[in-house]
Amino acid sequence: MTNLNARSGGVMEAPQHSSGAALKTYFVLLFFLALKAAGNSWMAWGMKQVPERMSMNPALYLRAMLNPFVAMGIAALILALLTRMALLSLADLSFVLPVTAIGYVIAVFIGKAFLHETVTRQRWLGTLLIFGGAALVGSTSRNTTGTPAVEKTK
Amino acid sequence: MKWLLVIAMVFATVLSDLLQSYEMKRAGEQSVSARGLARLLHTIARRRLLILGVACNAVSFFAFMALVQTEPLSFAVPASASSFVLETVLAKFVLHERIGVRRAAGALAVLAGVVLVGG
């Protein structure tokens, strides 16, 4: 099964039907990154307004969810989880992991632009490495297992 | 306690991602339209391994939350990045993904970047 698309020995070769599916993959990726960034920011903003320190007590988490920013953050993060699952149906895990790390880059920019955090040289270097690495992975064929949509009717 | 949380977090993340990747590839291409997401929820409800994957995701999330309460982010983020290495190796040997030189080099650059951003 794994050798289904082992054609012409080109590991990085894109599948033939790829241009529409590739666009869809990058659209889902962008949607995921936007949801994750919004969800994390709302969650962080909301949690700063919650006075109690979190512990193992679930009641504290439930009370924190009454904060509208925390609630919006959770909704966005649940949607992000579903979107990431859709992304995993379109691309390999070893493709999704590095390209979604772009989220770290977005977090650094949000921290700098909106929260006025100081970004050290080390953090900028890390951001650059993530961006370069993700771009490199993004240039490889996104689905190498060649698993077709075989169980749609199951 | 700190290392117990790290082990729980990494183990749960790895298991969650492997299960999700395996099951989602089998489920076929999904979309993120309203109808697509409804179909995805239906798919999750029908697949036990996918439910287990989401449950592992929750364990990983709470382990990370507990970790950042007692440890600095500069420890928690690089510690969580260790799952990245394990997952890429397992993607090759368990999910049979083909990881060429470019993808491996990119993944290593991203890993180094994550450690620098968190550290």
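Read along the sequence, chain A runs α-α-α-α-α-α, and its secondary structure comes to 6 helices and 0 strands. Helices here are DSSP runs of H or I with at least four residues, strands are runs of E with at least two, and both are numbered from the N terminus. Please keep in mind that this is a predicted model: local features need pLDDT of at least 70, side-chain atom pairs count only at pLDDT 80 or more, and totals for chains, interfaces and linings use all residues. Residues are numbered from 1 along each chain as its sequence is written, while chains are lettered from A and ligands numbered from 1 in the order in which they are written.

Staying with chain A, buried residues make up 33% of its 154 residues; buried means that 20 or more other C-beta atoms, placed from the backbone, lie within 10 Å of the residue's own. Of the contacts in chain A with a separation of 6 or more, 76% are between residues 24 or more positions apart. A contact means C-beta atoms, placed from the backbone, within 7 Å.

Now to a helix pair inside this chain. The axes of H5(A), residues 102-113, and H6(A), residues 121-138, come within 8 Å and cross at roughly 145°. Axes are lines fitted to C-alpha atoms, for helices over the stretch in contact, with angles from 0 to 180 degrees between N-to-C directions. Who meets whom? From H5(A) we have A:Ile102, A:Tyr104, A:Val105 and A:Val108, and from H6(A) A:Arg123, A:Thr127, A:Ile130, A:Phe131 and A:Ala134. That contact divides into 7 nonpolar, 1 polar and 1 charged residues. Nonpolar covers Ala, Val, Leu, Ile, Met, Phe, Trp, Tyr, Cys and Pro, charged covers Asp, Glu, Lys and Arg, and the others, Gly among them, are polar.

Let's move to the partner chain. Here 40 residues of chain B are in contact with 43 residues of chain A. Which helix of chain B gives the most to that side? H5(B) does, with 12 residues. By class, the side of chain B that touches chain A has 17 nonpolar, 14 polar and 9 charged residues.

One helix pair across the two chains to finish. The axes of H4(A), residues 93-100, and H4(B) come within 9 Å and cross at roughly 155°, so H4(A) is roughly antiparallel to H4(B), a term for angles over 145 degrees. A:Leu93, A:Ser94 and A:Leu97 meet B:Phe84, B:Glu87, B:Thr88 and B:Ala91 there, giving 4 nonpolar, 2 polar and 1 charged residues.

Notes:
Contact = placed C-beta atoms within 7 Å. Buried ≥ 20, exposed ≤ 12 C-beta atoms within 10 Å, placed from the backbone. Parallel < 35°, antiparallel > 145°, perpendicular 65-115°, else oblique.
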